[in-house]
Amino acid sequence: MAIFYILLLFILIAAVIAVETNDLLSSVICVGAIGFSGSLMFLFMQAPDIAITQIVVEVLGLIILIRATISRDLTFISGDREFFGVVVSVVILFAIFLAGQTVLRTLPDFGTPAFVAAAQNCDLPAPAAQTYIAEGMQKTGAANLVSAVILDFRAYDTLGEATVLFTSIIGATVILRKDSRRLGEEINE
Amino acid sequence: MPYALCFLLFVIGLYCVLVKKNMVKIVIGILVMEYAVNLFLIMLGYRTGGAAPIIDKTCLEPGTGQITASFISTSVDPLPQALVLTAIVISLGSLALIISICVRTYEKYGTFDITKIRRLKG
Amino acid sequence: MSVPLPVFVAIPLVTAFLLPIFGKKGKSVATLLANLATISLLVLAVVSIGQSRVYEIGKWSIPLGINLVLDGLSCLLLLAVSTVSTAAMLFSTRYMEQYTAKSKYLCLFLLMVAGMNGVVLSGDIFNLFVFLEIASIASYALVGFGCEHEELEASFKYMVLGSVASMFILFGIALVYGNTGSLNMAYISKAIQGSGLNAGLGFALCLFIVGFGLKAALVPFHAWLPDAHPSAPAPISAMLSGVLIKALGVYALARVVFNVFGISVPISWVLIVLGILSMIVGVFLAVGQWDFKRLLAYHSISQMGYVVLGIGLGALILARGGNTTWASLAILGGLFHLVNHAVFKSLLFLTSGSVQMATGTRYLKELGGLADRMPITRATCTVASASIAGVPPFNGFWSKLILVVAAVQAGFWGIAAVTVLVSLVTLISFLKVQRYVFLGELPENLRYVKENKNSMLVAMIFLACLCVLMGLLVIVPSLKQSILDPAVKVLTDGVEYSAKIINM
Amino acid sequence: MEQKQRNSNVAQKEKISNGVKGMTIIVKTIGSWAKVLIFLFGIYIVLFGHLTPGGGFAGGVMIASAYVLLMLAFGGEFVKQNLSPSLALKLACAGTLAFAAIAVAGFFYGPDGFFWNFIGQEWLAGESSNLHFINAGIIMLAELAVGVIVAAAIFLVIFTFSTFKFDVSDNQKE
């Protein structure tokens, strides 16, 4: 339990540094720190699939981010927007945070999965998660229940996910292409 | 309590998006928000002293091959993990697109500062 | 004939995956394929009018798998999406010759259509989020398609706000999952009916309203729209203003508020206030614009206000336990205006694209006297302007009339007055467009402007005919009963949605 | 002052574009060994996704990172000869098409068969528990398809980013 608090505090400190530092490169490195400690956290929360994916995505995300920052000469940046705007947004965000604090108490306690709490509501059939755990392997033949969920029970979501990736690479190649418009003479013919 | 810290992370990301005026900083803010949501979803499925939702030989009854009751009562929730896997991929895709827009904008304007990038009014 | 529902998503997806394989040489084949895909979607949407059913993907029964739901409301949106996308695709065949990388453009276009169809059909809230992301990401890339200064800036602004909105929605989904342990909208709705709306779910509802409000560009969240919509190529502006903000914003908002969480008086007031603010702020910002497409974009905000106002008014009457007839009338006005707006606003953007392609500019002060040079563009633009301003025989008139009647009957005189006033200001601003673009003196450099070629004109005439004929949707009873009434009934039934889905 | 900054800007860019061409001999040697291991590990992760942690997505990213390593060590031109961007785009299209085809193939078993696990049904009905390699029906095929999509897509993204050249003259015009 203590390890979660340590990691969360570390993530928060890294996030604050990433947001507040004036050096873009350190900022990007702090994002890396958030990502890797997040990956550790996933591992301790018994989510090895997510931990692996988070690590590999983090590496590539860092390469992309560093490509955007370090190869430009501008790694130093100036500060915030106008003072008044900053104060207003901080006040609003603090209000949201306080509201969120009271709201989060309605969730089941940390350490009790949501589906266990929901299963006590007798009117409804058993939550999907319970069935996945108890019968997922017989129904799909996959021993890794996460794979069973993403590629069989909710495969349609995964189709969407693959499409998002496909869309964004097509988008990135479109945005980074050399000439965007044809010359005037070509259009008229 | 861990939920609250996670929500604080979300708010920090939102603050970064609202207040900072550097494009890369804004992207970092969005990334921080994504981490916060992913962590939050996984926390919802965590069970104290739980086991990963992966069945191996120790989780099967030796004779019948049925899944043991102890696995059913200790396994963490696989559904949020599936959701987070999808969400991570989506965030990687949108990161690639938004960085390409940033790089191209830098090429056009020569700066990452959004207060100086103001062709459009209103 | 009952079409399997995944076909609506599978056709555009599979075509989109095929298209990038055609390079420069296969451009005409790619264009043909893309047009075939949109036309077949239109045919399928027309075929499935009046049906309602549930499709369970992978043969998994609902709490386990994902279900697709076709009911009156999704059918209405499917029709709107496929009509506008058919016209916009036909228009792009020639218009997009100005740009390079046309096959990738077509691919992104179809992905956007697939995303919208997926959102409209989905019965699972996380699946809705995934398809919403497909449509949004495709639209971010399409807004920046020209790669010029303004386009990139608008695209960045749009993408930042859009990503924040997506994160809000995802956080809301996480809160809902934590509280109810379910992701299927019918089961969430049932769990909420069982336990009541606690603080966590209320906060999730607020997050959904902000998130979908950002996607729909309602007024406090509208900052991105006036930049993003004019910057895109004209057919894409037509798609964005015509259907994207409706399918991702208003449809999703209505579905979540009415069918999942259930309506209450405070939520209805929130919707009404958002609607009125959007109407007034949008229209007054629009009057002062001198950029043709930017003016149209501000009008989109204002007209979306009508839709949200109609829906909110209906919700308020229902939540107070008032007369159901007037409630359904108000919702009918809102939904009918949604479809009408899809048609006339996309037509307006297409005419602006036609003018821009012929003259090379879209600033009203540099244009003028095009009435003789571009007669068809002029005629269609007049029809669309009359529709948006609510001039009698055209479709915009009917939906505004229904809204005003519903407001008056329910006793909201102030709202009725605001509706009429905004409509008048809209008329003034479109008189300005007519005056500066088509009448007046022809500038020297526009002397040799010619009317555009066939496929563009066909698309515009198609939409103009719809503008004239769509009044029949409320006048002819059989059409009204098969298209609009089921859609209204989905919203007025509210949380009975869950019982219907679970028993089906 | 402005001009000076621009000049340093250009100089730095030239330095970096030289850097893309390749690194020292040490990196090249180790990279050429490591790429095989990374590639094989990626394939292992893809194929065993239904039994152990990992799966199409993580494995696909690993396969792509083998190419990214090559790109960093040997430069963009070298990689372009092995896997050109247009081929990578076609691979991504093929992967997504394959995934969609798996989904649509269910329609051959009736109109409600979209994404139906049409391969494994008879085995699943027979044996209740089995931790064998091939027993999950479409899951393994889908993992393969996802692996191909992800590998091609990520490679393409990184490649596009690293070969994107600044048009400095355009910058100065402004």
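Author: C:Ala101 counts as buried because 22 C-beta neighbours lie inside 10 Å of it. The term rests on counting other C-beta atoms, placed from the backbone, within 10 Å of a residue's own: 20 or more make it buried, 12 or fewer make it exposed, and a count in between makes it partly exposed. This is a predicted model, in which local features need pLDDT of at least 70 and side-chain atom pairs count only at pLDDT 80 or more, whereas totals for chains, interfaces and linings use all residues. Residues are numbered from 1 along each chain as its sequence is written, while chains are lettered from A and ligands numbered from 1 in the order in which they are written.

C:Ala101 is found in the loop that runs between helix H3 (72-95) and helix H4 (102-121) of chain C. Helices (H or I, at least four residues) and strands (E, at least two) are DSSP runs, numbered from the N terminus. The backbone of C:Ala101 has a phi near 55 degrees, which is a positive value in a residue other than glycine.

A positive phi is also found at C:Lys59, where the angle is about 60 degrees although the residue is not a glycine. C:Lys59 has its place in the loop between E1 and strand E2 (67-70) of chain C. With 18 other C-beta atoms within 10 Å, C:Lys59 is partly exposed.

The loop between helix H2 (27-47) and strand E1 (53-56) of chain C holds C:Gly50. Is C:Gly50 buried or exposed? C:Gly50 is exposed, because 12 other C-beta atoms lie within 10 Å of it. When residues up to four places away in sequence are not counted, C:Gly50 touches C:Ser482 and C:Pro486. Such a contact requires that the C-beta atoms of two residues, placed from the backbone, lie within 7 Å. C:Gly50 and C:Asp71 are 21 residues apart in sequence, and 8.0 Å separate their C-alpha atoms in space.

Of the 504 residues of chain C, 66% count as buried. Among contacts in chain C between residues at least 6 apart in sequence, 79% join residues at least 24 apart. The C-alpha trace of chain C spans about 70 × 55 × 45 Å along its principal axes.

How confident is the predictor in chain C? The average pLDDT is 88, and 100% of the residues score at least 70; pLDDT is the predictor's confidence in each residue, from 0 to 100. Within chain C, confidence is highest in helix H5 (residues 125-143), at 93, and lowest in helix H20 (residues 496-503), at a mean of 83.

Chain C also meets a neighbour: 13 of its residues are in contact with 13 residues of chain D. Helix H1 (residues 7-18) of chain C gives the most to the side that touches chain D, with 5 residues. That side of chain C divides into 11 nonpolar residues, 1 polar and 1 charged. Here Ala, Val, Leu, Ile, Met, Phe, Trp, Tyr, Cys and Pro count as nonpolar, Asp, Glu, Lys and Arg as charged, and the others, Gly among them, as polar.

Chain D has 8 helices and 0 strands, and buried residues make up 42% of its 174 residues.

What joins residues of these chains in the interior? The largest nonpolar core has 383 residues, and those with the most contacts inside it are B:Val32, B:Val37, B:Cys102, C:Cys467, D:Ile149 and D:Ala153. A nonpolar core is a set of buried Ala, Val, Leu, Ile, Met, Phe, Trp, Tyr and Cys residues joined through C-beta atoms within 7 Å. Leaving aside its neighbours within four places in sequence, B:Val32 is in contact with A:Ala15, A:Ala18, A:Ile34, B:Leu9, B:Ile12, B:Gly13 and B:Cys16. Between chains B and A, 70 residues of chain B are in contact with 75 residues of chain A.
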